[in-house]
Amino acid sequence: MRPAAPVPSIFSRAGRPVGRFLVHEWTLASLGALVLAVLMTWPTLRYPSHTLPHVYGDPSLQAWQMAWSGHILLNDPARLWHSNTFFPELWSFAFSDTLLGYAPAGMLGSGPEDAVLRYNIMFVLAHALATLGAYALARQLGAGRTGAAVAGVGYAYAPWLLAQAGHLHVLSNGGIPLALAMLARGHGWSLRHGYRPDRRHHGWAYVGWLVAAWQLSLGFGIGLPFAYFLAGAVLVTAVLFYARRLRTGQALPFGGRMLVVDLIGGMLFAGVGLLMAIPYFEVTELHPYAERTIGDLDIFSPSASGFVTAPAESFIWGALHEDARATMRWHTEMTLLPGFVLYALAAGGLFFSVWRLRHRLLLLAGVLVTMAFAMGTRFFGGIFTYVPLFEHAPGWNGIRTPGRLMLWTTLLLVLLAAGAVTALTERIHQLTAQRIPSWSGPWLRLATHLPLLLVTVEGLNTTPHPVAPTPPAALRTVEGPLLVLPSDQSLDQKVMLWSTSGFPDVVNGGSGFTPRQLDHVRRTSRSFPDQASVDYLRTLGVRHVVLLRGQVGGTPWEITIDEPVDSLGITRQDVGDAVVYRL
């Protein structure tokens, strides 16, 4: 009689699913994307409460955006779009992209230091999500693990994105490929295997629409082209399947239940877009002069040379392309190199790939078309590409930087590259299996990972990390509404960050345009303190003016900052390195 098999303990039974989870592909992919993000963005997390990546200007603004949305949704949600900056303007939160989807992070912590910490964490996580999203899309379409890894790294760390390191709303693009991967998974479709009804999963489709809606909530700069892409994809799919139904009499390909899922998900996505758009319509009505023009578009439109020019922050190519950048008017938006390694892999993918020939040709066509659109007015004046969208398509006249459409070019290039790398990997495995004994030599193993290594190296950066501006002691105690002088676009973005300490109403503000009232305040306040400026600020409701001593060099205040003000009916007090005037 054989002894009874030992009964596994509760720890053994619990450990098995945990162990399977820890070694699961998606667990490893997520952890790998996170670790890579920390390393590739280093030293962002070295002093995360004290430094900001790239520059302090736009990151200060975006750190304030996350802090404001989290703060106000917890305390007074009805005031979300009427922020504490640009006082007394209405709808001021809609003067820029809002990063509203990061509001839950904004609910944690308070004050400028926590705002900087929060920004740096989200900066790193945005890179991780972009890597994971592109990896997931490539895997769902049929690429192997190594090919998908190349897609993930190539998409998240393309050299042109290094110039956008100060624009978190541009870097926060991982929801695009992730949503597309989930929607494709939910509908049982892949590029390599086509439509497989047995692979459909309604839950993935629902989550895909939710992720797409969240991506849209981060801002229209990246979200609007995504919305048009989804609308176009739905339209093309509907036309193709309707034509097929007329020809074959086949019923709904994805089934009636999936149709309901798509209707609900599509309405959710459209609803988020509409609710996000309403404040921008209000801003357009109040400030019609803020609308972009073809002239604005022309300023930021890159030439074809931009596709082979890297930004200064590129570790490999930055110094070598200095002369090419010198010929560009606005090189931050005109250096569009996705990577020479990526170009080579994508070119190879046209001839050697796991994708079908027609799919490769469609991907190539997409690359060429998106490049033409990314050139704005530099491609035959844009009359066949960007200009018709700018003049007639809803929302497009708010996007003045066509070069950011390079995001879609990069996504298509990494998919071509993933097809080539997957074919190479599978071919090497076939050669290995034919050996006796079956064993892959070190050079063969290296060959499968060399493309991934090269794409990663080309994404290395030299991004500076300046110290975040320290708030003056006066701003911790002075009540609003207040005006901080001097005031200009750059300095006001720092003031926005400083205002996260209590969120007092401040006249200062920095955005994509300058409201006429703020411009008038700046011009009138050049003579402050005098009777005319004091009277004008009082009519606006301003109670305090904070004049920063460290910023008055070369301004009229350098002479008048210590003059008496008794005759004006106001008081002044020195607080640290600032003078506080009570009106």
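## A nonpolar surface patch

In this predicted model, helix α11 is the element that gives the most to a nonpolar patch, with five residues. The patch covers about 710 Å² of the surface and is made by Trp-204, Tyr-206, Val-207, Leu-259, Val-260, Leu-263, Ile-264 and Met-267. One of these, Leu-263, has its place in helix α11. Helices α9 (202–217) and α11 (256–286) each supply at least two residues of the patch.

Just after α9, Gly-219 adopts a positive phi of about 145°.

Helix α16 (residues 357–374) has 18 residues, and the distance from its first C-alpha to its last is 26 Å, close to the 26 Å expected at 1.5 Å a residue. Buried in α16 are His-359, Arg-360, Leu-363, Gly-366, Val-367, Thr-370, Met-371, Ala-372 and Ala-374.

Four bridges pair β3 with β4 in the parallel sense, and Leu-482 stands opposite His-544 in β4.

Strand β4 (residues 544–548) is in turn joined to β6 by five bridges, the two strands running antiparallel. Within this pairing, Val-545 stands opposite Tyr-581 of β6. Strand β6 (residues 578–582) is mostly covered, since four of its five residues are buried.

Strand β5 (residues 571–575) is also antiparallel to β6 and is joined to it by five bridges. Val-575 has Ala-578 in β6 as its bridge partner. The two strands form a hairpin with two residues between them, and Gly-576 in the turn has a positive phi of about 65°.

## Aromatic contacts

Across the whole structure, a search finds 22 aromatic pairs. In one of them, the ring centres of Phe-528 and Tyr-581 are 5.0 Å apart and the planes stand at 85°, so the pair is edge-to-face. Phe-528 is buried at a relative accessible area of 1%, and Tyr-581 is buried at 0%.

Elsewhere, one aromatic cluster is formed by Trp-64, Trp-81, Phe-93, Phe-220 and Tyr-280.

## Salt bridges

Side chains of opposite charge can pair when their charged atoms come close. The count of salt bridges comes to 14. One of them joins Arg-192 and Glu-426, at 3.0 Å from N to O. Arg-192 is in the loop between β1 (189–190) and β2 (194–195) and Glu-426 is in helix α18 (residues 406–434), 234 residues apart, which makes this a link between distant parts of the chain. Arg-192 is partly exposed, with a relative accessible area of 23%, and Glu-426 is likewise partly exposed at 30%.

A salt bridge between Arg-404 and Glu-333 has an N to O distance of 2.7 Å. Arg-404 lies in the loop between α17 (386–392) and α18, and Glu-333 in helix α14 (residues 331–334), so the pair ties together parts 71 residues apart in sequence. Both Arg-404 and Glu-333 are buried. Asp-574 and Arg-549 also meet in a salt bridge, at 2.8 Å from N to O. Asp-574 lies in strand β5 and Arg-549 in the loop between β4 and α23 (557–560), so parts 25 residues apart in sequence are tied together. Asp-574 is partly exposed at 42% relative accessible area, and Arg-549 is partly exposed at 26%. A network of salt bridges links Arg-549, Asp-562, Arg-572 and Asp-574.

Key
Residues are numbered from 1 along each chain as its sequence is written. This is a predicted model: local features need pLDDT of at least 70, side-chain atom pairs count only at pLDDT 80 or more; totals for chains, interfaces and linings use all residues. Side-chain values use heavy atoms; hydrogens and water are left out. Buried means under 20% relative accessible area, exposed over 50%, partly exposed in between (1.4 Å probe, protein chains only). Two strands pair if DSSP finds at least two bridges between them. Patches are made of residues with over 30% relative accessible area and no salt bridge: like charges are joined within 9 Å, nonpolar side chains (Val, Leu, Ile, Met, Phe, Trp, Tyr) within 5 Å. Accessible areas come from the Shrake-Rupley method with a 1.4 Å probe; for residues, only the protein chains shown count as cover. A salt bridge is a side-chain nitrogen of Lys or Arg within 4 Å of a carboxyl oxygen of Asp or Glu. Rings of Phe, Tyr and Trp (its six-membered ring) pair if their centres lie within 6.5 Å; planes under 30 degrees apart count as stacked, over 60 as edge-to-face and the rest as tilted. The expected span of a helix is 1.5 Å times one less than its number of residues.
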